[in-house]
Amino acid sequence: MENLPAIIAASTFIGVIVIIMSEQLDLTVAAFLGALILVFTHIMTLQEAVGYISYSYATLALFFGVMVMIRSFEPTKIFEYLATKMVLLAKGSGKLLLLGIVAITTPICAVLPNATTVMLLAPLIPPIAEEIGVDFVPLLILMVFVANSAGLLTLVGDPATFIVGDSINISFIDYLSRLSWGGVIAIIAILILTPFLFSEIWQTKFENLDQLPHPKINHPRILLLGGIIFAFVLLFFIIGESLPVPISPAAVALLGAGLALALAHKSKVDTINNILRDVDWSTLIFFMSTFVLIGGLEKTGVLANLSGLLAIVLQKNIALGAITLVFAVGILSSIVPNIPLVVAMVPLLKMYLVNVGLVSSEVLNANFSGEFPPEVLPLFYAMMFGATLGGNGTLIGASSNIVAAGIAEQHGRKLSFKTFTKYGLPVMAVQLIVTALYIKFAFL
């Protein structure tokens, strides 16, 4: 019976993933119930569960702060304005419309979590597509591809990117200098594939553009002040960790949220209750539940056993390990949501490095703030790229995909697993190949 806790923890984790893949339950409900199973079967106490959540406070704080900021500026209608301008600038050309989606989504997703960006922009696509007479599903899928890929441009653009980056203590500016080119390459791959994957829309000419709604920006003064807050946040994302008293991206995001709430309250453009009610609590609870599930695997020794197996297979071959991880994690991420995947893989990879003697055991401490040896970092880069880009493979690979599917259903269309996969697998395959080459020539 010694192995019973490990069996329960592993079975619960696998069961949650299977339920999420089969769409039998909402992914947040599945993860939440899985975490509670571990508590009620005494795999861990409630206090231990909260402790595992607290280890990942930076991820939760970052995304809560960004969600509050974005929701605070929603009454200005800036996102509706940008979406309509995108169509008008296309001047009736399907080619320019597709490129416009890439152009408007890329910079936003570089600085905001991709699921949050899709929540904001995707609802604007169906009505605009209806006005110009095209199927909105391919447009949503393209937006998701760009959102997931642009998340690699900065440390804060994708949950998986941030979780891995935070685990190796990489700063925002270090990420820009070392890894942003991976995101650029991923976006270029999408641009090359777009004329082939979306050929029907690419060749379309639109009419009656003069009948499109022309939303106006509300509260321009508030938008200007909000822009100043947002610029302040971006500046301190870049320089905060290099100040004499370092400020983490999570702390900066929370300060930005506080300033945005104060602006909304003083200007009376919205109430604090409305803003906080509309925060994506579902995603935050999903994160917290996932951290508990992974904590169960760690506490019961499942991760330690898996890391031992990894050590036997790879030994100290970092080059082989990095290339293997790009494709293995990428493929896994197409069928397992990338957030729980990287949360599980980070401690697994750290244990592997300890087992083969490449790092000291102090890296397993949740509060470790030192630097990793440069020669082992390509393993983490590979996991980061694989997890983020693998999310483009299938409908369940990333949270932004699921958000887009929900929006499609709200507008009377089902974004099926099969439809998404038809577009997603070619994109994922090309992106994994080119990023593997990038890692090979840039870091190995």
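1. The lining of the largest pocket draws most on α19, which gives six residues. A pocket here is an open set of points on a 1 Å grid over the protein atoms alone, where a 1.4 Å probe fits, with protein on both sides within 12 Å along at least five of seven lines. Lining residues are those with an atom within 4 Å of a point. In total, 37 residues line the largest pocket, and Tyr55, Asp166, Ser167, Lys350 and Ala366 lie nearest its centre. Two or more lining residues come from each of α3 (46-55), α4, α10 (159-167), α14 (249-267), α16 and α19 (338-355). Helices are DSSP runs (H or I, at least four residues), numbered from the N terminus.

2. The model is predicted: local features need pLDDT of at least 70, side-chain atom pairs count only at pLDDT 80 or more, and totals for chains, interfaces and linings use all residues. Residues are numbered from 1 along each chain as its sequence is written, and side-chain values use heavy atoms, with hydrogens and water left out.

3. The volume of the largest pocket is about 1,000 Å³, a volume being the space filled by probe spheres set on grid points that are joined across faces, edges and corners. Its lining comprises 23 nonpolar, 10 polar and four charged residues. In this division Ala, Val, Leu, Ile, Met, Phe, Trp, Tyr, Cys and Pro are nonpolar, Asp, Glu, Lys and Arg are charged, and the others, Gly among them, are polar.

4. Four cavities of 30 Å³ or more are present; a cavity differs from a pocket in that the probe fits but cannot get out. The largest cavity has a volume of about 50 Å³. Among the residues that line the largest cavity are Phe63, Met67, Ala115, Thr116, Met119, Thr283 and Phe287. The helices α4 (57-73), α7 (114-121) and α16 (281-299) each contribute at least two residues to this lining, with α7 giving the most, three residues. By residue class, the lining of the largest cavity has seven nonpolar, three polar and one charged.

5. How many salt bridges does the structure hold? The count is seven, where a salt bridge is a side-chain nitrogen of Lys or Arg within 4 Å of a carboxyl oxygen of Asp or Glu. One of them joins Lys299 to Glu48, with the closest N and O atoms 2.8 Å apart. Because Lys299 lies in helix α16 and Glu48 in helix α3, this pair ties together parts that are 251 residues apart in sequence. Lys299 is partly exposed at 40% relative accessible area, and Glu48 is partly exposed at 31%. The accessibility classes are buried (under 20% relative accessible area), exposed (over 50%) and partly exposed (in between), with a 1.4 Å probe and protein chains only.

6. A salt bridge also forms between the side chains of Asp270 and Arg71 (2.8 Å, N to O). Asp270 is in the loop between α14 and α15 (272-277) and Arg71 is in helix α4, so the pair ties together parts that are 199 residues apart in sequence. Both Asp270 and Arg71 are buried. These two residues belong to a network of salt bridges that links Arg71, Glu74, Asp270, Arg277 and Asp278.

7. Asp174 and Arg178 form a salt bridge at 3.8 Å, N to O. The two are four residues apart in helix α11 (residues 172-197), which means they are separated by about one helical turn. Asp174 is partly exposed at 31% relative accessibility, as is Arg178 at 33%.

8. The aromatic pairs number nine; rings of Phe, Tyr and Trp (its six-membered ring) pair if their centres lie within 6.5 Å, and planes under 30 degrees apart count as stacked, over 60 as edge-to-face and the rest as tilted. The ring centres of Phe232 and Phe236 are 4.7 Å apart and the planes stand at 45 degrees, so this pair is tilted. Both residues lie in helix α13 (residues 220-239), four residues apart. Phe232 is partly exposed at 26%, whereas Phe236 is buried at 19%.

9. The rings of Phe372 and Phe380 have centres 5.3 Å apart and planes at 65 degrees, so the pair is edge-to-face. Phe372 is buried at 6% relative accessibility, and Phe380 is buried at 0%. Tyr381, Phe385, Tyr438 and Phe443 make up one aromatic cluster.
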